[in-house]
Amino acid sequence: MVQTVADVMTPAPTTVDVSDSVQVAARAMAAEDVGAVVVQSESKVVGIVTDRDLVVRGLAEGLGLDATIKQVASEQLVTVGPSDPVETAVEVMRSAAVRRVPVMDGDVAVGIVSIGDLAVERDPSSALADISEEKPNN
């Protein structure tokens, strides 16, 4: 039986609007204990922003907490579908050199799949799987 992205994804991704501030995104990530949020514009998915984006494209570039998500988000969005095989997600991540991919059902973001999610499923004895399954350091 082929394992699908829906089997390994984190459902119901946290979203922010392109006009929200980086502080709003950071607070959402902290509250939801996630490392990425889906970026929307008028209910349309237009990108993703990660904790790394906030640091590298935001703080490191001197942007303040009131900078908009549009200024730091990754707009070259690659996605997978919930019924896609897990191998498809692996190949999409590999070819785009990304660690997290929104899962889209048509125009709706229904989840996010991360490299950690895939490690837990495909190689549960790996160091990445062990780290991914641990509780966060709060």
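**Group meeting talk: a walk through one predicted chain**

Residues are numbered from 1 along each chain as its sequence is written, and side-chain values use heavy atoms, with hydrogens and water left out.

Now the overall layout. The protein chain has six helices and six strands, and from the N terminus on they run α-β-β-α-β-β-α-α-β-β-α-α. Here helices (H or I, at least four residues) and strands (E, at least two) are DSSP runs, numbered from the N terminus. Of the 138 residues in the protein chain, 39% are buried; buried means under 20% relative accessible area, exposed means over 50%, and partly exposed is in between, with a 1.4 Å probe and protein chains only. Among contacts (heavy atoms within 4.5 Å) between residues at least 6 apart in sequence, 54% join residues at least 24 apart.

Let's turn to the hairpin. Strand S3, residues 36-41, runs antiparallel to S4, and six bridges join them. Two strands count as paired if DSSP finds at least two bridges between them. Gln40 stands opposite Val45 in S4. Two residues lie between the strands of this hairpin, and Glu42 takes a positive phi near 50° there. Is strand S4 mostly covered or mostly open? Mostly covered: five of the seven residues in S4, residues 44-50, are buried.

Next, please find Ser74, in the loop between helix H3 (51-58) and helix H4 (86-96). Which residues does Ser74 touch, leaving aside its neighbours within four places in sequence? They are Val46, Gly47, Ile48, Asp53 and Arg57. Take Val46: it is 28 residues from Ser74 in sequence, yet 8.8 Å away in space, C-alpha to C-alpha. The side chain of Ser74 also makes polar contacts with the side chains of Asp53, at 3.4 Å, and Arg57, at 3.0 Å. A polar contact is a pair of N or O atoms within 3.5 Å; within protein, one must be able to donate a hydrogen and the other to accept it, and residues adjacent in sequence count only if both atoms are side-chain atoms.

Staying with helix H3, Val55 lies there, and Val55 is partly exposed, with a relative accessible area of 45%.

Finally, the other sheet. Three strands form an open sheet in the order S1-S6-S5, with antiparallel pairing. The edge strands are S1 (10-11) and S5 (100-105), each pairing on one side only. S1 and S6 pair over two bridges in the antiparallel sense, and the bridge partner of Pro11 in S6 is Gly111.

Why does Ser114 count as buried? Because its relative accessible area is 16%. Leaving aside neighbours within four places in sequence, Ser114 is in contact with Met93, Arg99 and Arg100.

Conventions: Predicted model: local features only at pLDDT ≥ 70, side-chain atom pairs only at ≥ 80, totals over all residues.
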